[in-house]
Amino acid sequence: MSRKRFPPTLELQIEALDADGVGVAQFGEKRVRVKGALPDEQLIARTVGKRKGAALAVAETITDNASPLRQTPPCEFFPRCGGCALQHMEYAAQLAHKQAGLLQDLAFNNVGYTQLRPAVGSPQFGYRRKARLGVRRLYDMQLVGFREAFGGRIVKMDNCLALAPPFDRLFAPLAELIGKLSIPAAIPQIETAAGDTDIALVVRHLEPLAVADVRLLGEFEQQHRIWVYTQSGGYDTLQPLSSHAPLLNYSLSEFGLNLEFSVTDFVQVNAYINAALVRAVNTALQPRPGKRIGDLFCGIGNFSLPLARSGAQVTGWEAASAAIDRARLNATRNGLAGRTRFEVADLYNLPGDKKQKLPIADVTNLDALVLDPPRSGAGPALSSWLDPGVSDVAYVSCNPATFASDAAVLLKHGFTLDEVGIYDMFPHTAHVETLGIFRRHG
Ligand SMILES: C[S@@+](CC[C@H](N)C(=O)[O-])C[C@H]1O[C@@H](n2cnc3c(N)ncnc32)[C@H](O)[C@@H]1O
């Protein structure tokens, strides 16, 4: 069906919320996905496009059966902005929705569990310490913001409740800055990163910056006390404007740790939830002298160093060599170099695979593992990490679907899923972070 055949407004009955936090409904033979809708509601929705045969729409007027879970979205740019999906749902209901989605994925993979941990909630605003903002010139208007929910356009916005200060209110000054540069149309994006003591932004540019542009960026850096980086190509072209720009850092104060990171390193976006995850992983794995723990997908040492602090011997593996360099430095800065080893490896390499670009990880002689893979999950390599000596696995996941299919593999290897639950890393979005603790007894 062509887009034209969907009327501009549709009267719908919402059946459910999908994994993206979008309501689904039926219009004749066709599926409709409705942003800003909640299950059972009857409403009028405005169609905004079509994808994979389903109409895309935005809730306009609730005509009947308004959900008791509905709230007034705290952000004025919802539902247009693609940054959030669930602002129209009370926060407790968001947590319940995410936990229910996780249980569905576990059930789909026939994964049973012993204890469902209550969902761990987060401060709802100002939590997001990293973001990528789109930049676009529209006639004489300079836009800096998130992309629209159902399209590629940049939302005209002057604040964001999710971003950590000062970026939450920096949209207008950033747009003004870009508008003054000689090449505004050649700036496709800005990345923001907030550490505990310093903050930074990266201006991506597709054409060379003029001397006057560099001066303007320098003035912005001084005025807003934000370390500005420029990037003309891949991450290897990243340049700090100031030669004394420090690395960013965050503390894990319960463990007496401070970790440094660069604007381009992966860090868990929500400091509050990260601290809760690190605490839970430590409680579950009971690190102590003599215990050997592997941290797979270790990044800059976020889980490794707290485990080593309690006396365990920790080996971290990770594909990004810059992150491994940083993990080693973080270990040294925190007096933990003697208890940690960090190695570059492609963890998806299977033994015998001849096309390996990075070394293979030697995941043997370990008592416990932390797994924190990207969205694709652990995948086929998982079985090769499960030496008979491994009795505990703490699995941190950003995708409940791959978590559940990996959990089924762990169960086949004799583990039980002792504890599982969600940690709300991204309030108001549909993103689901999960922690599962697997144990193999006897
Ligand atoms: C979700 S992050 C976790 C990072 C770290 N555990 C933390 O808490 O900050 C996933 C990490 O996996 C790494 N990664 C992605 N693909 C990989 C691969 N094939 N082999 C090893 N590491 C990989 C990424 O560079 C990233 O640091």
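I'll start with strands S2, residues 23-27, and S3, residues 30-35: five bridges join the two, and they run antiparallel. Phe27 stands opposite Lys30 of S3. Keep in mind throughout that this is a predicted model.

S2 and S3 belong to a barrel. Five strands close into it in the order S1-S2-S3-S5-S4, with mixed pairing. From one strand to the next, the twist averages 50°.

The side chains of Asp18 and Arg33 meet at 2.7 Å, N to O. Asp18 sits in the loop between strand S1 (9-17) and S2, and Arg33 is in strand S3, so the pair ties together parts that are 15 residues apart in sequence. Asp18 counts as buried, at 19% relative accessibility, and Arg33 is buried too, with a relative accessible area of 18%.

Now the division of the chain. The assignment gives domain 1 (3-70), domain 2 (96-123 + 248-439) and domain 3 (130-194 + 199-240). Between the centres of domain 1 and domain 2, taken over C-alpha atoms, the separation is 37 Å.

Next, the open sheet. Eight strands form it, in the order S6-S20-S21-S19-S18-S15-S16-S17, again with mixed pairing. Strand S6 (115-116) and strand S17 (340-344) are the edge strands, each pairing on one side only. S17 is joined to strand S16, residues 313-318, by five bridges, and these two run parallel. Within that pairing, Trp317 has Glu343 in S17 as its bridge partner. Helix H6, residues 321-333, lies across S16 and S17, and runs at about 170° to S17.

Arg326 counts as buried at 14% relative accessibility, and Asp265 is buried with a relative accessible area of 5%.

A further pair is Lys291 and Asp392, whose closest N and O atoms are 3.6 Å apart. Lys291 lies in the loop between H4 and strand S15 (292-296), and Asp392 in strand S19 (residues 392-397), so this pair ties together parts that are 101 residues apart in sequence. Both partners are buried: Lys291 at 8% relative accessibility, Asp392 with a relative accessible area of 10%. Lys291 and Asp392 are also linked with Asp418 and Arg439 in a network of salt bridges. The count for the model comes to 20 salt bridges.

On to the nonpolar cores. Which residues touch the most other members of the largest core? Leu201 and Leu435 do, out of 85 residues. Helix H4 (residues 271-285) gives the most to this core, with eight residues. Domain 2 and domain 3 each supply at least three residues. Beyond four places in sequence, the contacts of Leu435 include Leu277, Ala280 and Val281, along with Tyr395 and Tyr423. A second, separate core has 34 residues, among them Tyr91, Leu102, Leu347 and Ile422.

Last, a loop residue. Is His428 buried or exposed? His428 is found in the loop between strand S20 (416-423) and strand S21 (433-439), and at 1% relative accessibility it counts as buried. Leaving out residues up to four places away in sequence, His428 touches Gln71, Cys84, Ala85, Leu86, Gln87, Gln94, Gln124 and Phe125.

Conventions
Residues numbered from 1 in each chain as written. Predicted model: local features only at pLDDT ≥ 70, side-chain atom pairs only at ≥ 80, totals over all residues. Heavy atoms only, no water. Core = buried A, V, L, I, M, F, W, Y, C linked by side-chain atoms within 4.5 Å. Buried < 20%, exposed > 50% of the residue type's maximum accessible area, 1.4 Å probe, protein only. Helix = DSSP H or I, 4+ residues; strand = E, 2+ residues; numbered from the N terminus. Domains from an automatic or database assignment. Contact = heavy atoms within 4.5 Å. Pairing = 2+ DSSP bridges. Axes fitted to C-alpha atoms, helices over the stretch in contact; angles between N-to-C directions. Salt bridge = Lys/Arg side-chain N within 4 Å of Asp/Glu carboxyl O.
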